[in-house]
Amino acid sequence: ASEDDFPRILDPYFPDWSNGQPGEFKNFTRDINLNATVIVTPAQFTTVKWYIDDVEVAEGLTIDTPLLAGEYMLKVVATTTKGKETSRMGRVVVRPCDGDPSPANGIADRQVVPGAKARLHGSYMDKVTKIAFGDTEVPVTFVDKGEESYIEYIVPANLALGTYKLRLFTSDGTVYGGGKIVVSDQAPEIEENILWEGHHYVSWELPDGDANKTFNLISK
């Protein structure tokens, strides 16, 4: 192959796209680095650059970098000395480790309004003392509700609308990934799930155990 040839990425395999989105390239826990090596041709005349969410993070045939928990878009670009270019894209999913603070993905938590009070449910959220929208840090308060526990905070009023990477901080300064959160000019529309409606006759004079002496008609 010569420098006049069009570049090709021979390895690794990147999954096909589905529903307009790149396939999943890697899936691992956050204690493992994103590690991959490419084989390109023409090898002597091609430069390889690695991008994560459109930010260049490495140059060369190999990438080996740590990532916080979350989902990322990886792009590999191969460019020849003659300016010819090809690329591959794939999603990288980084999972939290056991015991890590891990926010839930409910729309009510993931779409917030500047200046408003917001909540973030999840696992081990009692460890979190503050969160950050990009570079903007916000203190939080933990609210203990058992399995429905959450952290509560005020969304900074001066935050620009858009999508941010969320970071979680613990008291010892450890940083965890929290996925993405959308700052919008309107609260999300929450679809109601009506479990039961109607009329029910209740009489306290009936014996215990009678269905008409209780309101507990809704079964899970």
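Student: Which residue in the turn of the hairpin formed by β13 and β14 has a positive phi?
Tutor: β13 and β14 form a hairpin, with 2 residues between them. Strands here are DSSP runs of E, at least two residues long; helices are runs of H or I, at least four residues long; both are numbered from the N terminus. In the turn, the residue with a positive phi of about 65° is Gly-134.

Student: What pLDDT do local features need in this model?
Tutor: Residues are numbered from 1 along each chain as its sequence is written, and side-chain values use heavy atoms, leaving out hydrogens and water. This is a predicted model: totals for chains, interfaces and linings use all residues, side-chain atom pairs count only at pLDDT 80 or more, and local features need pLDDT of at least 70.

Student: Which residue in β14 stands opposite Ala-132?
Tutor: Strands pair if DSSP finds at least two bridges between them. β13 and β14 (residues 136–139) are joined by 4 bridges and run antiparallel. Opposite Ala-132 stands Glu-137.

Student: What is the angle between the ring planes of Phe-133 and Tyr-153?
Tutor: Rings of Phe, Tyr and Trp (its six-membered ring) pair if their centres lie within 6.5 Å; planes under 30 degrees apart are stacked, over 60 edge-to-face, and the rest tilted. The structure holds 3 aromatic pairs. In this one the centres are 6.0 Å apart, and the pair is tilted because the planes stand at 55°.

Student: Is Phe-133 buried or exposed?
Tutor: Buried means under 20% relative accessible area, exposed over 50%, and partly exposed in between, with a 1.4 Å probe and protein chains only. Phe-133 has a relative accessible area of 1%. That makes Phe-133 buried.

Student: What is the angle between the planes of Phe-133 and Tyr-164?
Tutor: These two rings form an edge-to-face pair. Phe-133 lies in β13 and Tyr-164 in β17 (residues 162–170), so the pair ties together parts 31 residues apart in sequence. Centre to centre the distance is 6.1 Å, and the angle between the planes is 85°.

Student: Which residues do the ring pairs link into a cluster?
Tutor: Tyr-153 counts as buried at 2% relative accessibility. Tyr-164 is buried too, as is Phe-133. Ring pairs link into a cluster Phe-133, Tyr-153 and Tyr-164.

Student: Which backbone nitrogen does the side chain of Ser-184 reach?
Tutor: Ser-184 lies in the segment after β18 (175–183). At 13% relative accessibility, Ser-184 counts as buried. At 3.2 Å, its side chain reaches the backbone nitrogen of Gln-186.

Student: How many strands does the protein chain have?
Tutor: Of the 220 residues in the protein chain, buried ones make up 34%. The secondary structure comes to 1 helix, with a strand count of 18.

Key. A polar contact is a pair of N or O atoms within 3.5 Å; within protein, one must be able to donate a hydrogen and the other to accept it, and residues adjacent in sequence count only if both atoms are side-chain atoms.
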